[in-house]
Each structure stands twice: as C-alpha cells, then as structure tokens.
Amino acid sequence: MSADVMMNVAAFEANFDGLVGPTHHYGGHSFGNIASTGNAKQAANPRQAALQGLAKMKALADLGYHQGVLPPQERPALWLLRDLGYTGTDQEIIASLRDTPQGYLSAMSSASSMWTANAATVSPSADTQDGRVHFTVANLQNKFHRAIEHRQTFRSLNAVFSNPAHFAVHEALPMYAAFGDEGAANHTRFCHDYGQAGVEFFVYGRQHWGGQVEPTQFPARQTREACEAIIRRHGLVASHTVLAQQNPAVIDAGVFHNDVIAVGNQDVLFCHQAAFLNSAQVYAELTDKMGGRLQVIEVSSNEVSVADAVKSYLFNSQLLAKASGRQRLLVPEECKNTPAVWAYLQRLRDSGGPIDELLVYDLKQSMQNGGGPACLRLRVALTAAEAKEVNSGVWMNDRLYPQLCSWVERHYRDRLLESDLFDPNLLVEVRTALDELTQIMRLGSIYPFQLHGRDE
C-alpha cells in the first residue's frame, strides 16, 4: 500500500466497482437521465466498456487504495420471461420477443448493474449498534430494467461479504413507490477517521406521506421513507444521521441521483449550490454533528452551471483520501472537455483547499449510458479484520487484473446494437463468460443459469 494513502491501517474505505457485463448496450431506459436517453440506439462497445472500468480499478489499486470488483448480472433475464408466461427453449423465447414492443428485450438485457453505487446502502461497523457492516440492497423500483436486479445483488453481496459475524446483508425494501430506494447514490458518510463513528447523510427526492415540493418533469426516485427504514435496519442513531431533500429543480434538470450533484468523503462535502433544499440548514446540521469540523466546497452557478455539471458529471466523481490530509478528485474525461468545468477544477486544485490533485479517466462507454466514476463504485468502510473476511477473490491486484482483462478479451464483443440481442449465440456467450468468472473470482454458483434457472 502506498504511504500516500494509508493514513490508518486499522480502518479504511474500500471501493467495489461493478464489472461491466457482456450485454452492455445503449437502451435509453432511464427517463430522467439525460445521457442515457440521449444516446439511445447508438452502437456500444462492451469490451471497451469493461476494459475502461478495469483500468480505473487497477489504477486506484496501484495508488494504494483497497479496490474490489463486483460481478455483473446474467442477462437477458430469461427466468423473468418464464415468470411472465413465455415457454419453450431459451432461444425460442428470445426469438418470440421480436413480436414485442421495441425495447422489451433491451430492458431484459440491460447491463445497468455495472453502476454499483445503486447496488446497496452501506453502514460501517463503527456506526451500527451491533458492530457489523450493514448492507441494504436497493430495490430500484422506479425503473423496470433496474428493479429486476435486487435478487442477484443480494446473492452477489452475500458471496463477497459472507461472514455473518462481521456483515449483515439485508434484502431490498418492499417494492412499493413509498419506499423507492436507489442505494448509495443518495447516501454519503462523513467522518474524521474511517474507524470511528461517522455521520451518515441520506438525501431523498420526495416524501411519500406529508411531502410538499417535488420535481414536475422527472421522477424523484428516492423517498424519505426509504431512508428512514434503512436507518432503522442498520441500527443508526439520530445524533449521527442527517436527512436532506434534493432540490427538485435539479432533478428536473437531469440530476436523477444526489451523486450527480454532490460528493463527500471524510470531512469534505463538494457540491453545487443548487444541490439541496435549504442548503444552509443542511450544512449547519452536518457541521454540528461532525463536531464543528466540516469543509464545504460549494460551487456556484456562476462558476459551473447545473447543465455543465450534468453534462460533465463533475460531481459524479470520486474523492480519495491522502495521507497528507488532502484529497484527490477522480473525474471523467468529459470534465476536461467542458471548458467551464475544467477551468473551475484547475482553480480548485490550486486554491490551497482540501482538494489538491486531479485524476482524469476515460470512461466514455459508461458515461454515454449515464454513469460516471461515482456510479461505478460502492464504498465500504472496513476495519483490517473485516477486510480479511471479504472474499479474497474479488480484490483487484496484479493477479486479478490480467485475468479479468484476458477474460474480457475472450468473451466480450466489440460492438453491440439492440438488434444484436436477438442473436441466440449471445446468450451462450454470456453464460459461458459468467460461469468462468465465478471461478476466477471464487464466487460459487450465484447466477440463475447455475441455479437450475431459478432467480432465488
């Protein structure tokens, strides 16, 4: 581990990035996500997408950060089609979908689980009453192509965090609009030390019962009720939690999750001035519960417009702690290609504030589908003892990286259109690849095709 990263070897934050799946394509299913809908029907490159994600993971591991990998999901979702009354062989079912509306098979084949910020909400053991790391799998009920993920996510997380003495993996909240939950994309944990109790920050888009102002153009996917349920499940205390409502105006501008307009790490909150309702009150409560020590970097609309923030994914970035007490900011290449954003970032880096280094990565394949660096990773604060209980086959290192790159090169296509999803060979390619992946990452049998076709 790099001395520039390891401030406290007793506890640290690990990132678990989603490995892009073989059916990565541009289906345009995510209403409210401008990049997703705007690039619909374009040709995608699943191989390049997976390799771009792996390159970022390996770069962070080489810098000394604990970096894990979470597996993709089996697609198309043949078990669901059978639940919906389709019969015959797998290939016959796929062929029969040519008579369904455009986008039907595409939704069943989405590789959206790559954005593991939506996989779950995570509370580290320092925050929970029973002293375990708690995960609540996100139900993602607002979008069909994502609502079908939670059972596999539950299995995958249990395969990685399997020791119940250290980890508690909860199933998704009930699949009702009142409990819409989008996972860690609307959750941030602030702390002074990863091993000490922190302040968990939950951001919601609407309140189902008793709410007032809401967006009018795009849906608010996260509810206050879901946040409160997770707080109860994880055994969090009120003195170390803060709930805030996302500004409905920015949701209508394409900010579908809070991590598109704000990011935080340790005692730093980096956000746009339009991110929250009653921003001053939010900052004051966070600062108070952080013992008076919180650094808020608020970007004004005069410096960066909301439109440029959404276009570049400036705030869908990763804040990475350094031994110096400062932080690195990992941003997508689109930030460099957006003049106002890049000019601001250079000023930020040179300002003498908590962010003093910029890392720029090419994640175009993910970005064109509406997900940047922060979307791709699930943050898990761990003690050294807990890290030893994580499935060792998922840690990014000099052994795993070439194995996964070789696996991608052998199994992934370099071009995929929606029409290609009807190719009966694609299903065989996907299952062959995933079967090999579970062996490489030592995950056991986690996929429906390995469980006799059951999504259980």
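These legends go with several close-up views of one predicted model. Because this is a prediction, local features need pLDDT of at least 70 and side-chain atom pairs count only at pLDDT 80 or more, while totals for chains, interfaces and linings use all residues. Residues are numbered from 1 along each chain as its sequence is written, and side-chain values use heavy atoms, with hydrogens and water left out.

**View 1. Helix α7 and the strands it packs against.**
Helices (H or I, at least four residues) and strands (E, at least two) are DSSP runs, numbered from the N terminus. Helix α7 covers residues 150–160, and its buried residues are Gln 152, Thr 153, Arg 155, Ser 156, Leu 157, Ala 159 and Val 160. Buried means under 20% relative accessible area, exposed over 50%, and partly exposed in between (1.4 Å probe, protein chains only). So what do these buried residues pack against? Their partners are β1 (11–18), β2 (66–70), β3 (120–123), β4 (133–137), β5 (167–170) and β15 (377–383).

**View 2. Aromatic rings in pairs and in a cluster.**
The structure holds 13 aromatic pairs. Rings of Phe, Tyr and Trp (its six-membered ring) pair if their centres lie within 6.5 Å; planes under 30 degrees apart count as stacked, over 60 as edge-to-face and the rest as tilted. Take Phe 16 and Phe 161: their ring centres are 5.2 Å apart and their planes sit at 70°, so this pair is edge-to-face. Phe 16 is in strand β1 and Phe 161 in the loop between α7 and β5, so the pair ties together parts 145 residues apart in sequence. Phe 16 is buried at 0% relative accessible area, and Phe 161 is buried at 1%. Now for Phe 270 and Tyr 344: with centres 6.4 Å apart and planes at 5°, this pair is stacked. Phe 270 lies in strand β10 (residues 268–272) and Tyr 344 in helix α13 (residues 339–349), so parts 74 residues apart in sequence get tied together. Back to Phe 16: together with Phe 135, Phe 161, Phe 167 and Trp 395, it forms one aromatic cluster.

**View 3. Helices α16 and α17 packed together.**
Helix α16 (residues 400–411) and α17 pack at an angle of about 170°, with their axes 11 Å apart. Axes are lines fitted to C-alpha atoms, for helices over the stretch in contact, and angles run from 0 to 180 degrees between N-to-C directions. The two helices are therefore roughly antiparallel (under 35 degrees counts as roughly parallel, over 145 as roughly antiparallel, 65 to 115 as roughly perpendicular and the rest as oblique). Residues meeting here include Leu 404 and Trp 407 in α16, and Leu 434 and Leu 437 in α17. Contact means heavy atoms within 4.5 Å.

**View 4. Two residues of helix α17, Pro 424 and Thr 438.**
Is Thr 438 buried or exposed? Thr 438 counts as buried, at 5% relative accessibility, whereas Pro 424 is partly exposed at 39%. Leaving aside neighbours within four places in sequence, Thr 438 is in contact with Leu 443, Gly 444, Ile 446, Tyr 447 and Gln 450.

**View 5. An open sheet of 3 strands.**
The strand order is β9-β10-β11, with mixed pairing. Two strands pair if DSSP finds at least two bridges between them. β9 (262–265) and β11 (295–299) stand at the edges with a single partner strand each, so one side of each has no neighbour in the sheet. β10 and β11 pair in the parallel sense over 5 bridges, and Val 268 stands opposite Gln 295 in β11. Helix α10 (residues 279–289) lies across β10 and β11, running at about 170° to β10.
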